[in-house]
Amino acid sequence: MMEGIALALLLCLGFALVSKRLNFPPVPMYMLAGIVIGVSGLNIVHQSDVSDFLTRLGLLFLLFTMGLELNPSEFSGKKGPFFFSGIVDLGVNMLIGFAASVLLGFPIYEAVVIAAAFYISSSAMAVSSLIENRKLAAPESDTILWVMVFEDIMLLFIIVAFSAASSDPVRVLINAALVIAFFFIVVRILNSKIKILLERDDNIPLLFTFTLVIAAAGISGLLGIPETLTAIALGSALSGTNPGSLEKHAKPFREVFLIVFFVFFGISIDLTSGFPVIPVVILAILAVASKLISSIAIGLYVHKNPYSGIEVWSETTARGEFSLAIALMYGTPLIAAIIAIIVLITSFTGGLMGRHSFRIKKFVLKMRLRFTLKRA
Amino acid sequence: MSISSREMPGIGRKYELDTDFGDKISLVQLESGGVQLYISSKNGESGSAELTLSEAVRIANILAGSVLKAEDEGVSMIFSSLSDLPIKLHSYTLGAKTDGKSIADLKIRTVTGATVVALSSSGESILNPSPSSRFREGDSVLVIGEEEQISRFAKKYL
């Protein structure tokens with residue numbers, strides 16, 4: 001069991017080095033590593049209880065740190081452009097993803113799962129691409145980051161909606177609302193105590209952070225609501241204390257367990273028997289195209305400029321960790337495999353686009369010029 | 001010059017500065033600790049650099065000039081809230097000229113503008129000595145004031 005995980009991690013280490021060398025997003029590389037040694041490849045490493053547990057921790061830490069970025073007081077003052085961008089991004093991509101899945105013959109529930117994964121971009125890839133490609137000064141980078149925040153909030157709603165749909169909706173909704181309120185009230189009361197605790201320079205803040213995340217999962221088990229939800233809610237409630245310190249201590253856990261999550265996702269997907277290649281390729285192409293439509297709309301509305309839309313497009317095309325999380329939580333094995341391939345294709349394309357968005361803009365400008373000249 | 005700053009979720013904090021000469025400088029403090037610096041000049045050229053925290057501190061010091069200038073037995077300080085007022089602290093060993101006289105006798109503040117803030121006499125140091133404190137030959141004093149006030153003190157009493 002452990003030797004499989006060791007082999008997977010070792011391979012990931014190698015792929016991580018390659019991805020750093022080539023300046024490429026590491027997430028698809030980890031998945032590729034998984035595919036190589038998993039069911040669809042050499043079939044030498046298999047899922048186990050241990051790998052499932054580590055994967056679960058990866059997801060919890062991912063969502064907890066995502067919650068830390070969701071500080072309600074920060075976006076309460078946000079106005080028009082933030083909501084417009086977020087809603088256009090949600091509406092256009094969910095709709096295209098859903099319609100395409102239904103037309104390709106997927107049942108309604110599965111089409112909703114695909115649509116949710118199809119909609120949500122990778123915040124991690126957008127952030128690292130903006131930093132590495134030196135785009136932070138551009139006004140579009142703010143728009144992109146806030147679209148990511150909006151998507152994170154929507155993920156919270158998606159999780160609530162799915163779990164309400166799968167069991168007693170009223171009970172789930174009431175419990176979820178109660179737990180969220182409970183977290184915010186407790187954190188508010190203990191705010192100064194938590195801050196003092198997190199400022200200690202011994203190992204207490206580390207233990208505290210780890211315990212919090214595990215406790216969030218424990219509470220969810222008691223109340224019958226998803227632990228992903230409690231992890232985000234707890235993170236968001238704690239964003240008013242010292243999110244920097246919590247992030248610092250949760251990060252090492254997140255990084256390591258997430259790699260296990262990605263590689264075992266690759267290991268588990270089955271591309272050998274009856275995998276619908278053509279529908280998946282269509283979905284992946286649409287995934288790139290639909291973000292173009294929503295991004296151009298955002299560019300035109302927020303920046304009054306279609307080229308800003310291309311910039312937004314190039315940074316939001318990559319789907320990643322959140323799409324895989326949705327696939328893992330709600331998808332059948334086939335849906336999970338489909339979403340994995342969409343993530344693989346869009347993250348490679350998105351990675352390239354993020355790096356070459358300047359060339360794409362120049363190319364479009366040239367084509368437009370040629371087109372207008374021809375008409376004149 | 002105008003400066004604005006805002007939060008960049010997941011990245012850090014961005015500061016934008018429009019200079020009087022029409023150039024634009026953006027500084028992004030990354031959550032990971034470093035800084036990205038972007039300059040777009042008014043003639044359309046632009047450039048960027050990523051700095052580690054210690055490099056950023058180094059550059060900040062160069063740009064700000066030295067806020068703390070040390071010299072032999074003295075130091076000049078500039079506080080950002082009193083940036084037009086360089087404050088100097090200097091220590092001197094007193095000689096025969098002031099032997100047996102008190103701060104009040106010498107009218108140090110009235111004559112020079114400087115103030116004696118500490119006195120070390122026969123191995124004992126006191127902060128804020130009273131005007132009646134008497135100096136003896138070989139005592140050390142710490143004087144605070146502006147540059148000219150300090151040099152007036154040195155000329156008059158040493």
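Predicted model: local features only at pLDDT ≥ 70, side-chain atom pairs only at ≥ 80, totals over all residues.
**Exercise 1. Work out how chain B is divided into domains and how far apart the domain centres are.**

Start with the domain assignment: domain 1 of chain B covers 2–64, and domain 2 covers 69–157. Next, take the centres over C-alpha atoms; 42 Å separate the two.

**Exercise 2. Describe the contact of chain B and chain A: how many residues does each chain bring, and how much area gets buried?**

Step one is the head count: chain B puts in 17 residues and chain A puts in 15. Step two is the area, which comes to about 1400 Å² buried between the chains, with 57% of it on carbon and sulfur atoms. Step three looks at the chain B side, where B:Pro9, B:Ile11 and B:Tyr38 lose the most area to chain A, together 38% of what that side buries.

**Exercise 3. Find a salt bridge that joins the two chains, and say why it does so.**

Begin with the whole structure, where a search over all chains turns up 16 salt bridges. Now pick out a pair: the side chains of A:Asp142 and B:Lys14 meet at 2.9 Å, N to O, inside the 4 Å cut-off for a salt bridge.

**Exercise 4. Get to know the second largest pocket: what is its volume, and which residues and elements line it?**

First, the volume is about 470 Å³. Second, 19 residues line this pocket, and the closest to its centre are A:Arg134, A:Ala137, A:Ala138, B:Tyr38 and B:Ser46. Third, sort the lining by class: 6 nonpolar, 7 polar and 6 charged residues. Last, look for elements that each supply at least two lining residues: from chain A, helix H8 (139–166) and helix H14 (306–316); from chain B, strand S3 (24–30), strand S4 (35–40) and strand S5 (46–51).

Notes: Residues numbered from 1 in each chain as written. Chains lettered and ligands numbered in written order. Heavy atoms only, no water. 1 Å grid on protein atoms, 1.4 Å probe; cavity = no way out; pocket = protein on both sides within 12 Å on 5 of 7 lines; lining within 4 Å. Points joined across faces, edges and corners; volume = space filled by probe spheres on them. Helix = DSSP H or I, 4+ residues; strand = E, 2+ residues; numbered from the N terminus. Nonpolar A, V, L, I, M, F, W, Y, C, P; charged D, E, K, R; others polar. Domains from an automatic or database assignment. Contact = heavy atoms within 4.5 Å. Buried area = accessible area lost by both parts, 1.4 Å probe.
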